[in-house]
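Trainee: I would like a close look at a single part of this model. Please take me through it step by step.

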Amino acid sequence: MRRDAAALRLLTALLVAVACATSCHGAEEKIAEQGDDARPTVVITGANRGLGLELARQFGAKGYRVVGTARKPEAAKELRALGARVEQLDVADSESVRALAARLGELSVDVLVNNAGILVREGGIEEIDVDSIARSFEVNSLGPMRVTQALLPHLRLGKKKLVVQITSRMGSIAQNEGGYYAYRASKAALNMLNRSLAAELGGEGFTCVVLHPGWVRTDMGGPNARLSPEESVSGIIRVMDGLTREDSGRFFDHSGEELPW
Ligand SMILES: NC(=O)c1ccc[n+]([C@@H]2O[C@H](COP(=O)([O-])OP(=O)(O)OC[C@H]3O[C@@H](n4cnc5c(N)ncnc54)[C@H](OP(=O)(O)O)[C@@H]3O)[C@@H](O)[C@H]2O)c1
């Protein structure tokens, strides 16, 4: 009889211990989740190299949860090494954009940086393959539009509601000195699309800007460019941090100077 009572006491103690361990573990998980949730989230397209990779590095250092996209995620080793969540995305492919939005599930996104872009080297009016211009529009103009549209539900859940389109001074009609038909036109179209987004989404508290990063030493900018990616991106982030809702729809460079359309 006494042995039975002792066994019962032992069993009860064990059950209490297991219950406590489970609930304590649950509490720890909750704290970890809350900790994660407290971090703002940024999605950066074309984050496997160049400005996108440096944006991922500096946003991560600022305490952001970084979702960086790459066309070939398995090759995006530097991005993964930063601790970013790496997601496959081809901005010219609507299905790929939809799939990304689905994989993000209920994730709230505070900042979207549409950075992915191409610059196709081309000749003057007599050499240029006019049909190939469409590719620049697909990536540089329609890509950011596709991604912004698909991630709108995620951005609506976010606190900052900031959309940054990495454009170029070369998309300024006022400052066009010739050449680069496809690139200039596709960035000018991006600028216009962003202005429309700013007008439509302003009422919901969105800030949508186009930002010129300066001439930067990346694969696109080449080795003779004026700025390092670090210099350009620290400027871009300073500008982003200083933006107010009144800035929505405007065109800035990395130093905060406003550029003419
Ligand atoms: N560097 C400059 O001097 C300069 C000046 C003004 C504006 N910008 C703008 O800054 C942005 C970044 O340029 P960057 O200098 O970092 O260029 P970059 O070194 O050539 O990198 C371009 C990035 O865009 C990605 N990308 C290209 N096509 C894509 C597509 N269809 N879908 C998804 N991603 C795609 C590339 O991915 P892959 O590795 O798969 O090709 C790469 O990650 C661009 O929008 C560019 O127009 C740059």
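How do the residues of the shell around the ligand divide into nonpolar, polar and charged?

Mentor: First, a caution: this is a predicted model. The protein averages a pLDDT of 90, and 86% of the residues score at least 70. Residues 10–35 fall below 50, and this stretch has zero contacts in the model beyond near neighbours in sequence.

Now the shell around the ligand. It divides into 13 nonpolar, eleven polar and five charged residues. In total, 29 residues surround the ligand. Gly46, Gly50, Gly117, Thr218 and Gly221 are the closest. Helix α2, residues 50–61, gives the most to this shell, with three residues.

Next, a helix pair. Two packed helices are described by the angle between their axes and the distance between the axes. Take helix α5 (residues 133–157) and helix α6 (residues 181–201): their axes come within 8 Å and cross at roughly 20 degrees. Angles under 35 degrees count as roughly parallel, so α5 is roughly parallel to α6. The crossing of α5 past α6 is right-handed.

Which residues meet there? From α5 come Ile133, Ser136, Phe137, Asn140, Ser141, Pro144, Met145 and Thr148. In α6 they meet Tyr181, Ala182, Tyr183, Ala185, Ser186, Lys187, Ala189, Leu190, Leu193 and Leu197. By class, this contact of α5 with α6 has twelve nonpolar, five polar and one charged residues.

Key
Residues are numbered from 1 along each chain as its sequence is written. This is a predicted model: local features need pLDDT of at least 70, side-chain atom pairs count only at pLDDT 80 or more; totals for chains, interfaces and linings use all residues. Axes are lines fitted to C-alpha atoms, for helices over the stretch in contact, and angles run from 0 to 180 degrees between N-to-C directions. Helices (H or I, at least four residues) and strands (E, at least two) are DSSP runs, numbered from the N terminus. Angles under 35 degrees count as roughly parallel, over 145 as roughly antiparallel, 65 to 115 as roughly perpendicular and the rest as oblique. A crossing is left-handed if the near helix is turned anticlockwise from the far one by less than a right angle, and right-handed if clockwise. Two residues are in contact if their C-beta atoms, placed from the backbone, lie within 7 Å. Ala, Val, Leu, Ile, Met, Phe, Trp, Tyr, Cys and Pro count as nonpolar, Asp, Glu, Lys and Arg as charged, and the others, Gly among them, as polar. A residue is near a molecule or strand if its C-beta atom, placed from the backbone, lies within 6 Å of it. pLDDT is the predictor's confidence in each residue, from 0 to 100.
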